[in-house]
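Subject: Structure handover

Hi,

Here is the structure I promised to pass on to you.

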Amino acid sequence: MKGARPELYGILAEFADRDLLLEAARKTHAAGYRSVDAYTPLPVEGLSEAIGFRHTRLPWVVFTGAVLGALTGFGMQLYASAVYYPQNVGGRPLNSWPAFIPITFELTVLGASLFAVFGLLALNGLPTPYHPLFNVDRFEFASREALFLCIKSKDRKFDRRETRSFLESLAPREVFEVGW
Amino acid sequence: MQIFHRSTNFLAKLSIFGSLFIAAGLAGAAWEIYQSPWTTQVNVPKEQPVPFSHEHHVRGLGLDCRYCHTSVETSAFAGIPPVKTCMTCHSQIWTNAEMLEPVRASYRNGRSIEWTRVHDLPQFVYFNHSIHVNKGIGCASCHGRVDEMPITWQVNSLYMRWCLSCHRDPKPFLRPRDQIFNMSYAPPADQAALGERLAKEYHLLNTAQMTDCVTCHR
Amino acid sequence: MTEIPEKTASLSGGPVLEPGHTYRSVTEKISSIALARRTPKEWWIGFGVSFLLMMLLLGAVGHLFMKGIGVWGLNIPVGWGFDITNFVWWVGIGHAGTLISAILLLLRQEWRTSINRFAEAMTLFAVACAGLFPLIHLGRPWVFYFLFPYPDTMRLWPQFRSPLVWDVFAVSTYATVSLLFWFVGLLPDLATLRDRAKRRPAKIVYGILAMGWRGSATHWHRYETAYLLLAGLATPLVVSVHTVVSFDFATSVIPGWHTTIFPPYFVAGAIYSGFAMVLTLSIPLRAFYGLEDFITMRHLENMAKVLIATGLIVAYGYAAELFMAWYGGNPYEQFLVKNRAFGPYWPAYWSLILCNIVAGQLLWFKRIRTRPWVLWGIAIVINVGMWLERYVIIVVSLTRDFMPSIWRSFHGSRWDWATFVGSIGLFLSLLFLFIRFLPVISIAEMRSLVDETEGREE
Amino acid sequence: MSERAPLDLDAIRARLADADGPAYWRGLEELSATDEFRDFLAHEFPENADQWGGDGVNRRRFLQLMSASFALAGLSACTRQPEEKIVPYIDQPEELVPGKPLFFATALSWRGYAVPVLVESHMGRPTKIEGNPQHPAFPAGGTDAFTQASILNLYDPARAQVVSHAGTIASWESLISALAPVLQAQAASGGAGFRILSGATTSPTLAAQMKDLLARFPQARWDRWDAIPRDAVRAGAQAAFGAPVAARYRFDRADAILSLDGDFLAGNPASVRYAADFASGRRIRRDRVKLSRMYAAESSPSLEGAVADHRIALRPGGVGDLARAVASAVGVASGSNAPLSAAAARFAAAAAKDLGAHRGASLVVAGEGQPPEVHALAHRMNHALGNVGATVELTDSVEVDPVPSLDSLRRLVEEMQAGSVELLVVVGGNPVFDAPADLDFRKALAKVRESVRLGFWEDETSEWCRWNVPMTHALETWSDLRAFDGTVTIAQPLIAPLYQGKSVHELVAVLAGSPDRTSHDLVKDYWRSQRPGLDFDAFWKRSIHDGFVAESGLPARNLAPSAAAANAVAAPSAPGGLDLVFRPDPTLWDGEWANNGWMQELPKPLTRLTWDNAALLSPATAARLGLASEDVVALSAGGRSVKAPVLVVPGHPDDVVTAHLGYGRRRVGAVGRGTGFDAYHLRVSAALSGASGATIAKTGAAWPLASTQLHQTMDGRSLVRAASLAKFRENPAFAREAGEDPAKDETLYKPAPLPLPASDPAWGMAIDLNTCIGCAACVVACQAENNSPVVGKEQVIRGREMHWLRIDRYYQGGLENPKTYFEPVLCMHCENAPCEVVCPVGATVHSPEGLNEMIYNRCVGTRYCSNNCPYKVRRFNFLQFADATTPSLKLMRNPNVTVRSRGVMEKCTYCVQRISSVRIESEKRGSPIRDGEIKTACQQACPAGAIVFGNIHDRESAVAAMKAEPLNYGLLTELNTRPRTTYLAKVWNPNPEIGGEA
């Protein structure tokens, strides 16, 4: 965060049930808030869309991994058999490509999977063992049953008082101010 | 409630992505050790019971390699001179040099001197000197400028990789047969052409046989 | 997962989660196993026994490394015996987990939810056991690294035409991907444990593993994408692994090995043994930890049905071998079939038929499918049968191949047995640790089921 | 596992870890120098830590330590090479070029006759024995298995090593001084109490020495005893010609051969020559469609029976009866004819007719097991058939004054019993063990005042002699012997005696009162005395160089047998019970080879049995007695009884039990300990070659037998292909048609990479099944050449024997008289090798010249290659089989072949070390490798020339010619392995009048 850091990370509101949360999320987005996030113990259908998050670049990351894996796989085998030490093995040609398919395939999958997981972590900015939200004691229920919506202070429209009152207008169970 | 301190975020990320670099670093280090003189003994002069100087005998006195290493042209083993060979001269000159006492002792009581091997190939490598010198590989190509070594050391790693570098393409190293034992031989400007010609002459054009496993391992 | 369609494909009726559960109850029930302060006495007993067996493995392998492969019963012509048999057996078992998680996920089988977690765990541990054998079966295990392409001074890399090298890559890839898949699935639950744990050490450990997961909507979005993609990748991978393992034999020239039907037939066999092992483990588990609400009769029945299906495919495989021997008219193949059925190893052959084909047919009866402990017995029988199948394929084919002059029989030495039993010890030990410290059922996914069952009640 | 083990291990580990610890491929020599290692050796092996007996826990724990240190060293070796010393000569011998082998012509002794050999020597260490093709008696070269294995005896750590007196270590000098007074006394009495006992000999020098000795002691006597005596042969000649004439046969000139229990292919002093000659009559080629025909009547399965076109199994007496029938049919008065069975009669008639049809080109040979009458009969038949001078050559006796050894021994024992023998000198042999049981030589020996034994081993006899002198190995001393044809063969030493060994010449010299004379002086002086006048030094130099004295063979004489006494025949007719037949053991002979691991582990040609002998029974007899193989029975004859395991042998005559002599040694090195049963215990002077009325009683116990082949038939697979001569004439290509041979282009893949120009060689081998006699010389030769370890009985039973070359023996036809096939199987060096494709590390790959290579130091030991080898010719080091600890065995090793350690695969390499050295020489001289310049060890050893190796690119080469033969076929070619080793199919030459064969 550049410049003078706002005193809050954001304002957090807990909602009683899923419909209220979805409703609130939509309203917040409609109200022009952009850096908004919701926290739920399980994936809630339509929630990410509600706060304006449509699609992720992850598939492309995975595809890249797959291609790299495939090239490494076949390249390595061809290099080893035909360049690194060419040898007559059972009368087979140096480039016995059919024999190279299994490993090529395996490495394709491996590359893709590694990129998928590390891509996931990277895009989600994980790991973050420390996070301001954890300052809110109530927040530990987010991993069990509680449903939260948070407007972050980095939002252009963010204003401590207004935003708070705006959230309170959404019929939350409770509203918390999240310090750093 | 917070469990971790702020700093842990950075540390956590570092630990994941940094670990890759750490692993790479370790591998690199291992590789370096494997290349190092400590492992390969390259350029490490070997302690000898008698500090025999090739420099003195070869360059100084101009002895031919074959004067001592008699079987280099005929046998797998180049031959290490029997003490008698030393005594042919040293019964006349330096007859009471302190340094040479072990030699005289050995000759007196018939117990061989235990030299330390400088070029020591693994037991599963069957190296043959005679074929190399007969195929135009000079002594210095592998042993280096022995005539400049007061105490002998190894100048090449003797790793299989190193052997192969020549077995796959001997042309850059080939010499005319009369230059094999010439320590100070320098390849001519047209070594490319010469190598081509000699390779044909020495029947080394097809290197398949030379890079075949059992050429060295049985 | 979340977007549960109206009509979910499912093998049979009955709930996948008994009614009356809430997020909280589910969370409490499952996480309490991992977070319990006191470890149940029974756990200690079970773990203790497994641990002793694991020590037996350690001893056997130590002895093996000291003296050499000769401590096993192997000879010329039988160069592979228990070692590779165990390898194939374990890899096969290691197929259920990822299959359940990945393929059933893609097939929208929501009943997978309550069994996938420990099925995956089981996969990992089985693959660990499997991976052990290719290493220790080497005559000179201390040069195992020759099997990998590493920067060497010999300018010599593995011989990539060899199915054994394929194995190395297939199995290690499978292990890695399964681990990742499993970990990704665990992430939200680790967060739950982090937040529910009372003691600080627990909080810290789970906290580190949870990587600060906090259930953000955007995170969930990417999470689901990744999970689906991994499932999509894992599916062909599962199939490929046992295919590659079958290549060890299919690409050889030995009668009884050189068989084109091996890939599909090995894969089916793998799933067969895998599900058998899941049953073997889940039935005692649900009984002991009172998880009947989550692992319901329906789960057991469905798995039983999968067993019937795959069992029949395996049976088809056997039949095809017989047919090809007759139809192909290759004298060596024909001799092999005779030799398997009526040669010195006939007991092994017929008991494998009994275990894998006959026993499986009992599952047609609902009265058997719905009796957990009977089901359990059958599952065990099938596990034994699948081991025997690999033994017959590997050993019996080698004992008598082309030249009668060098025919010889093979019998496992006591070190063979020690290694085999020991590997089971290793497997169980890991499993016990898992049960003790991690949620055996995916909490996050159970929550979705809660919604669904609520939906039912309305 | 004792608690000391970890300690030792740590010490060794430490030793290995530190910089000047040795590296694993040679580790143990350095290791053994360390104290902790010596300690634990001593602790492990109170006595001889050397033998690989496969016995006992100790050995196993020893191994475990070994292999552990190997493993560790293996690890340490991948970081850094330990320092190594190099030690020069003080004064280098003239002819020696360091690193190059030298070859010397010399002679071994076999039953007193010369076996001319060439010995390969590396830096003064003899390492390999080959035949001497320059020698007139054996122009084809080649050797038998014993000759090959003899090198192992030289280095056997269990050899007698020191002069000892009454069990305490003494010295040669002390012996001399101790004997002096005794000899004084004898001289006074003219040697009345002085006896010398030795085996038969042909040594001119020794003969002269003895003559001179007996001149000094006129009352003394030189007695002779051989455990496997040739008395019947001598007596037969005596009966026929009135003199102990020696007969030598020319099988190459014989078209029809009748073998009466013949044993000319193995064990006979001329076997190697006879095998070659016999083979030349069986070698069938496109341009020589002609075979000799052999009839064999035998009372115990033998090589002769196996290679015969017609074989009949009879009780020992039956052979004599059949001989008489044939004799009378060819017009030799043979007196009373016992009635023959129908089969025997038909056999006899056909044989007689065939012999008669080939006058001058036929041959009748009787075996040593047959009584003198049969030998006499054989001589008469040969004479009647006009074979003398053609296929039979008669000469004066080659042996030095041949005496009937049984009578000689009997008389000696009587004198010993009577206590009239004061000084007995026993040279070689082992009478305490192998003398007829009823004579009880041991008890007699106890009555002798002073006994001196010159013996190679510490054996039963040395145990009961007061003075024991270690005997030199043939390669350690000078001597001279005659080959079977009389050619004098000079034996020169290749190495100074490893221990305090003395030769027989030196001992006799001591007795003759000239103790200071060496073998060299004695032999050389004798020959100087024989060659007065002409330039002796030239003669001597040449004789030593060639290994024989030119033109010293005995001339053939033309003799006619007396017709008299033809029917002095007492056919041993056994009313009830079994006929017991004694035969020398195929691999241990009379027991002298009991401590030779190579011979112990060499599968016996017919039974494939190793490490044991057994009571051989026919299937029918075994069934009748309710016995199966490995049952232990009490075998009794003449009131004596031994326990022996049964082995059922197809084709064995019914109601006959064969017992091989030589096993059951009581005092022998660790290798021979606890192997087999002692058949000598049943052998009495009245029945040396066999007894009738033997009985067998089941004991209920069982004794595991280590056989290397458990399945005896081909199961209808065309592994050995055979046909009758007639069928071959109809369709010469029958063998090739019996299998399918995929065309080169029947492949998805492009042809093999990295080809060499056709000007470069492509190695291949062809094996002629027609000339192979299954003698197994090749197997031992391979073992000797390639440093192959011995693994012990236990491991053989587990199927882990390490022979790179095995001889498959298949039976075909009924159990009572099956046809026998020998098929040497070694690596086929397939062009599309299945083993190579599956090796994960490329430890086995293909050379451009077509060798299937095995690179030990790359092998990780997955055993996948062996699993995928259809021929199962690969061998795996399941444990640390190679003995890396015994110093003397290290001297024996071929320095050009890696000694394989635990955990690596190995197999036949076509003797790549020989190929390499020849290739290097040819490259140096700049001319291509000549055909036959490279001989593989098996090829060089084969007496029958059945194995041919060479360059198949070269149209002119012998191997190419053989592969072009119509009989040429490959094993399992339908797998498209394209083997480089191929076979010439077997062709039988059955007599249509008997028919029913092939």
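This is a predicted model: local features need pLDDT of at least 70, side-chain atom pairs count only at pLDDT 80 or more; totals for chains, interfaces and linings use all residues.

**Chains C and D**

I began with the interface between chain C and chain D. Here 57 residues of chain C are in contact with 67 residues of chain D. The buried area comes to about 5,100 Å², and carbon and sulfur atoms give 57% of it.

For polar interactions, there are 36 residue pairs in polar contact between chain C and chain D, counting pairs with both residues at pLDDT 80 or more. On the side of chain C that touches chain D, four helices of chain C each supply at least two residues: α2 (41-67), α6 (163-196), α8 (217-250) and α11 (331-342). The largest share comes from α2(C), with 4 residues. By residue type, that side of chain C divides into 37 nonpolar, 12 polar and 8 charged residues.

The count of salt bridges between chain C and chain D is 2. One to look at joins the side chains of D:Lys872 and C:Asp401, at 2.7 Å from N to O. As a reminder, side chains of opposite charge can pair when their charged atoms come close.

**Chains B and C**

How many residues of chain B are in contact with chain C? There are 12, and they meet 12 residues of chain C. The area buried between chain B and chain C is about 1,000 Å², with 72% given by carbon and sulfur atoms.

Across the interface of chain B and chain C, the rule finds 0 salt bridges. For polar contacts, it finds 2 residue pairs, both residues of each being at pLDDT 80 or more. On the side of chain B that touches chain C, the elements giving two or more residues are α1 (8-35) and α9 (160-168) of chain B. The residues on that side of chain B are 9 nonpolar, 1 polar and 2 charged.

**Two sheets in chain D**

Chain D has an open sheet of 3 strands in the order β2-β3-β4, with antiparallel pairing. Its edge strands are β2 (102-110) and β4 (125-131) of chain D, each of which pairs on one side only. From one strand to the next, the twist averages 40 degrees. Strand β3 (residues 113-122) of chain D runs antiparallel to β4(D), and 6 bridges join the two.

Which sense do β22 and β24 of chain D pair in? Strand β22 (residues 615-617) and strand β24 (residues 640-648) of chain D are parallel, paired over 3 bridges. Within this pairing, D:Leu616 stands opposite D:Leu647 in β24(D).

**Salt bridges overall**

Over all chains, the structure holds 82 salt bridges. One of them is in chain A, where the side chains of A:Glu168 and A:Arg164 meet at 3.2 Å, N to O. These two residues are separated by about one helical turn, because they lie 4 residues apart in helix α5 (residues 160-168) of chain A.

Do write back once you have had a look.

Best wishes

Definitions and conventions: Residues are numbered from 1 along each chain as its sequence is written. Chains are lettered from A and ligands numbered from 1 in the order in which they are written. Side-chain values use heavy atoms; hydrogens and water are left out. Contact means heavy atoms within 4.5 Å. Buried area is the accessible area (1.4 Å probe) that two parts lose on being put together, summed over both. A salt bridge is a side-chain nitrogen of Lys or Arg within 4 Å of a carboxyl oxygen of Asp or Glu. A polar contact is a pair of N or O atoms within 3.5 Å; within protein, one must be able to donate a hydrogen and the other to accept it, and residues adjacent in sequence count only if both atoms are side-chain atoms. Ala, Val, Leu, Ile, Met, Phe, Trp, Tyr, Cys and Pro count as nonpolar, Asp, Glu, Lys and Arg as charged, and the others, Gly among them, as polar. Two strands pair if DSSP finds at least two bridges between them. Axes are lines fitted to C-alpha atoms, for helices over the stretch in contact, and angles run from 0 to 180 degrees between N-to-C directions.
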